[in-house]
Structures are given as structure tokens and as C-alpha cells.
Amino acid sequence: MKEGKSVKFNLQPQNGRISPFKISKLLDPEASWDKDELGDVLHWIRQGVALVCGLLWGAVPFIGAIWIILFLLLSSGIIYGYYSIILKVDEEDFGGHGALLQEGLFASITVFLLVWILVYSLAHF
Amino acid sequence: MASVLSSFKYADSLAVLGISICTAFLCEGISWILIYRTSSYKSLRSSIDKASKKLEIMKTGDNKGGSNKKSKTKKIDRVETSLKESSRDLSLSKFKSGAVVALVLFVVFGLLNSLFEGKAVAKLPFSPAGFVQKMSHRGISGNDPTDCSMAFLSKDQLIWFSRRY
């Protein structure tokens, strides 16, 4: 049975102050996550992966629509591995795998395509 | 700098990127001036956030069972109604800025079209599918499906800038 993480909703700031987001929380499997917070982190990780993949795919260059599919699989795999293996969150508390995997998906596709096209066009012609 | 840029065959793609970035910032600025800095937006946003959190806690408490289920359901309905009204008011307040942003995008797209019509501003590293090719090859002569028009590139950029959050 998978150990789940409880979702905490902090209506009141603790000790009169809202605690700042800590970078160490990104790698802490014991941390508790707010739904919006986790969504934001997964969104920006996807954008970072899209940027790196776009730069790499364009520089080599990788050519063909198959590389779009590979990017989707890679970025989804990284996101899945991050929240299930590193953070060990219970996806049921956050709307299921679908909700977590689709965070930032569309935006990351546009970033990836944009960077891939630009780097390919500028570096190889 | 200009000579370095002009040595690239597809330097126009950088010009399209630059114009799209400026347009995105302009649209954000317009939205900020017309919506986000107003006190009515701030108070609507804060009431929606509070109502959403209150509703989730009430629903979580409701699932665990307990007495006075009828009064709890009534309370949940009241909070949901108030949330819907606030969301509707927020949408209405965004409508005005949305119209101005749409006008700005229309003008910029017309400008880009006049500057880069008929030119391939980038090279696609893949052959797009039929319906995508209609946009990516828009206005370009020749049969090479990997020639990319301004329309495809600028739409891609503007979609990202508008959806980044």
C-alpha cells in the first residue's frame, strides 16, 4: 500500500507570517504540498525540460516528427518520476496522475517547438 | 551585431521573436493597468481564494460524516453560490482588457504579416501534418513543407507567453 501525503490547506499563516517556499522542499519526500504549489513546481520543471530538449534537439540536430513524441514521453517520464519517486506524493490527493501529468504540458510543447525550430534554423542554415 | 545577425539565413525568426516578446509584455502591461492593479480585482480575487479554500475544507469535513448534514449541505451551497458570483464578476472585469489585448494582437499580427509575407522566416525540423502545414506554410511559395511562415512562429510564441501561468 502506497503511503500517501496529506494535503494541508493553510488558511492562517503560521506565527503571523507565511513561511517562504524553500528550495530544499523540492527534494524532500517528507514535505507536504499544497495543490497549487505542486502544480507550479511541475509546470516549471516541464518548461525547463522543454527548453533543454529544444536546445539539444536543435543543436544536434534531431529531425523528424518522431522527436516530438520522444520529447513528450521524456518530459512526462521525468515529471512522473519526480512526483512519484522523489517527492513520493499520493496522486489521489492531487487529482490523479492525469492532473499532475498535464500541468504545464501544452505550454511546454510550445516552448519545445519554438526553441527547437529557432536553434535548428539558426545553427544549421 | 547587425552584421552577425544578417549572416544567419533565418535571422528574420529572431525579429519575429523579438516583436512577439514585446507584444506579450505590452499585453501584460495593458492587463495590469486595466485589471490587476484595481482594488475591485484584488478584493474579488481574495474572496474567491477564501471561498475556494473554505469550500474544500467543508467538503472534506462533510465526507467524514457527522451530524447536521442538512445544514452543512446548505452552507456548502451558499459558499458555492457566492463563489460562482465572484467568479462571474471577475470574468466580466477581465472582458474589457481582453478586448483591448485582442485589438493589439490584431494590429501586431497585421504588422508582422506586412513585414514577412511570402518569406520563410525559419526552417522546420519536421514535416508538419496537413492542417498544421496550412498555417506553417501560409503565404510561402514553393512546395517545401519545412519552410516556416511568420504566422506559425508568432502564434507559437504568443501562445506560450499567454499561457505561461
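How are α1(A) and α4(A) oriented relative to each other? In this predicted model, the two helices pack at an angle of about 20 degrees, with their axes 7 Å apart. Angles under 35 degrees count as roughly parallel, and α1(A) and α4(A) are therefore roughly parallel to each other. The crossing of α1(A) past α4(A) is right-handed. On the side of α1(A), the contact involves residues including His43(A), Arg46(A), Gln47(A), Ala50(A), Leu51(A) and Trp57(A). Among the residues contributed by α4(A) are Leu105(A), Val111(A), Phe112(A), Val115(A), Trp116(A) and Tyr120(A). By residue class, the contact of α1(A) with α4(A) comprises 14 nonpolar, six polar and one charged.

Helix α4 of chain A, which spans residues 105-124, also packs with helix α2 of that chain, residues 66-86. Here the angle is about 135 degrees and the axes lie 11 Å apart. Because of this angle, α2(A) is oblique to α4(A). The crossing of α2(A) and α4(A) is right-handed. From α2(A), the contact is made by Trp67(A), Ile68(A), Phe71(A) and Leu72(A). These residues meet Leu105(A), Ser108(A), Ile109(A), Phe112(A), Leu113(A) and Trp116(A) of α4(A). Nine residues of this contact are nonpolar and one is polar, while none is charged.

Two features of the backbone in the loops of chain A were also examined. Most residues other than glycine have a negative phi, and most peptide bonds are trans. Val60(A) and Pro61(A), however, are joined by a cis peptide bond, with omega at about -5 degrees. Pro61(A) belongs to the loop that connects α1, residues 35-59, with α2 in chain A. Lys88(A), although not a glycine, has a positive phi of about 55 degrees. The position of Lys88(A) is in the loop between α2 and α3 of chain A, where α3 covers residues 96-101. Because its relative accessibility is 45%, Lys88(A) counts as partly exposed.

Six helices and two strands are present in chain B, and its elements follow the order α-α-α-α-β-α-β-α from the N terminus on. Of the 165 residues in chain B, 33% are buried. The accessible surface of this chain comes to about 10,300 Å², and carbon and sulfur atoms account for 61% of that area. When contacts in chain B between residues at least 6 apart in sequence are considered, 65% join residues at least 24 apart.

Conventions: Residues numbered from 1 in each chain as written. Chains lettered and ligands numbered in written order. Predicted model: local features only at pLDDT ≥ 70, side-chain atom pairs only at ≥ 80, totals over all residues. Heavy atoms only, no water. Axes fitted to C-alpha atoms, helices over the stretch in contact; angles between N-to-C directions. Helix = DSSP H or I, 4+ residues; strand = E, 2+ residues; numbered from the N terminus. Parallel < 35°, antiparallel > 145°, perpendicular 65-115°, else oblique. Left-handed = near helix turned anticlockwise from the far one by under 90°. Contact = heavy atoms within 4.5 Å. Nonpolar A, V, L, I, M, F, W, Y, C, P; charged D, E, K, R; others polar. Buried < 20%, exposed > 50% of the residue type's maximum accessible area, 1.4 Å probe, protein only. Areas by Shrake-Rupley, 256 points an atom, 1.4 Å probe, with all protein chains shown as cover.
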